[in-house]
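Hi everyone, thanks for making time today. I'd like to walk you through some aromatic contacts, so let me put the sequence and structure up first.

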Amino acid sequence: MLKVWIAGASGQIGRALNDVLDPMQIEALNTDLDELDITDTDEVINFGTVNRPDVIINCTGMTDTDECEANPEHAYRVNALGARNLSIVARKCGSKIVQLSTDDVFDGQSKKPYTEFDDTNPLTVYGRSKRAGENYVKEFTHKHFVIRSNWVYGHGGHNFVNRVLAAAEAGNGLSVASDQFGSPTSAKDLAKMILYLISTNEYGTYHVTCRGVCSRYEFAQEILKLAGKDIELRAVPTEQSDLSAVRPPYAVLDNFILRIIEVYDMPDWKESLKEYMDERTED
Ligand SMILES: NC(=O)c1ccc[n+]([C@@H]2O[C@H](COP(=O)([O-])OP(=O)(O)OC[C@H]3O[C@@H](n4cnc5c(N)ncnc54)[C@H](OP(=O)(O)O)[C@@H]3O)[C@@H](O)[C@H]2O)c1
């Protein structure tokens, strides 16, 4: 039985991990902000040394990019120092650690997908604080998996899919950015990949997104098609969009390492979205 501490268990990726893990093989120690604030160094070290997990998965985060700009101290406290605290525990207990990270560590100016070997250059507080978190994890532990993903949606999350559907329910037309590109990734598929990876010793940094690329506008089109909603959808530049904060325009990650080691393939984004929409209940 593998003991896995899921910090940020109530978030969309934390929930997805709990949905897909096999309880016969994994004992999950779930914590979220209510039980354990990862910025509290002593509490985090105490929880870790008492429970001695085999694996720590850091699904916590201050993920609202506008909030990060407005309150950078807190963004660095959660996204950077929180990751450091969990790394200290991982090192102390000899645990493997998974650090969730993001395409926002890149500047989004590229015209081709970013590989794990491209230089980072975050332009936002969110991106800079997440890169600082990655660096702490790499500095404090050697049994680490840094997993960068993007455009993640899952049950219970305040994500793009749910926001498009809410607007459609209200019967409003929508203006959506046609100049932002990414790979929509279901939290469930990401969770399956994480559970695979922790069973290996293939440490390092990975890009993990569903296959395929689209614009925000095309993503919204597909969501509405699958939901059977017929509302007016307008393709606009980011500044005129109803839904998108200003983000790196080209957020496309190449799952380069997964591809070259040929051990795991992510599904196509449209197939995953269909599965999510079929399963979706009102959260
Ligand atoms: N969503 C994406 O598109 C995406 C893409 C790439 C990477 N990621 C990364 O993946 C991770 C999880 O993302 P997600 O979409 O599942 O985020 P999420 O739904 O916002 O979940 C984050 C969880 O962390 C909790 N949390 C916040 N501050 C905390 C603290 N100080 N101590 C303990 N828990 C705290 C939150 O609690 P409250 O809700 O109570 O604040 C929430 O339950 C994040 O690190 C994010 O940066 C996300």
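Let's start with one side chain: does Phe-117 count as buried or exposed? Phe-117 has 57% relative accessibility, and because the cut-off for exposed is over 50%, Phe-117 counts as exposed. Please keep in mind that this is a predicted model.

Now to the ring pairs. With centres counted as paired within 6.5 Å, there are 11 aromatic pairs. Phe-117 belongs to one of them, with Phe-256: the ring centres are 5.9 Å apart and the planes stand at 90°, so this pair is edge-to-face. Where do the two partners of this pair lie? Phe-117 is in the loop between strand E4 and helix H5, while Phe-256 is in helix H9, so the pair ties together parts that are 139 residues apart in sequence. As for Phe-256, its relative accessibility is 25%, so Phe-256 counts as partly exposed.

On to another pair, then. Tyr-196 and Tyr-264 are tilted, with 35° between the planes and 5.3 Å from centre to centre. This pair also links distant parts of the chain: Tyr-196 sits in helix H7 and Tyr-264 in the loop between H9 and helix H10, 68 residues apart. Tyr-196 counts as partly exposed, at 27% relative accessibility.

Which residues do ring pairs link into a cluster? They are Trp-151, Tyr-153, Phe-160, Phe-219, Trp-269 and Tyr-276.

Definitions and conventions. Residues are numbered from 1 along each chain as its sequence is written. This is a predicted model: local features need pLDDT of at least 70, side-chain atom pairs count only at pLDDT 80 or more; totals for chains, interfaces and linings use all residues. Side-chain values use heavy atoms; hydrogens and water are left out. Rings of Phe, Tyr and Trp (its six-membered ring) pair if their centres lie within 6.5 Å; planes under 30 degrees apart count as stacked, over 60 as edge-to-face and the rest as tilted. Helices (H or I, at least four residues) and strands (E, at least two) are DSSP runs, numbered from the N terminus. Buried means under 20% relative accessible area, exposed over 50%, partly exposed in between (1.4 Å probe, protein chains only).
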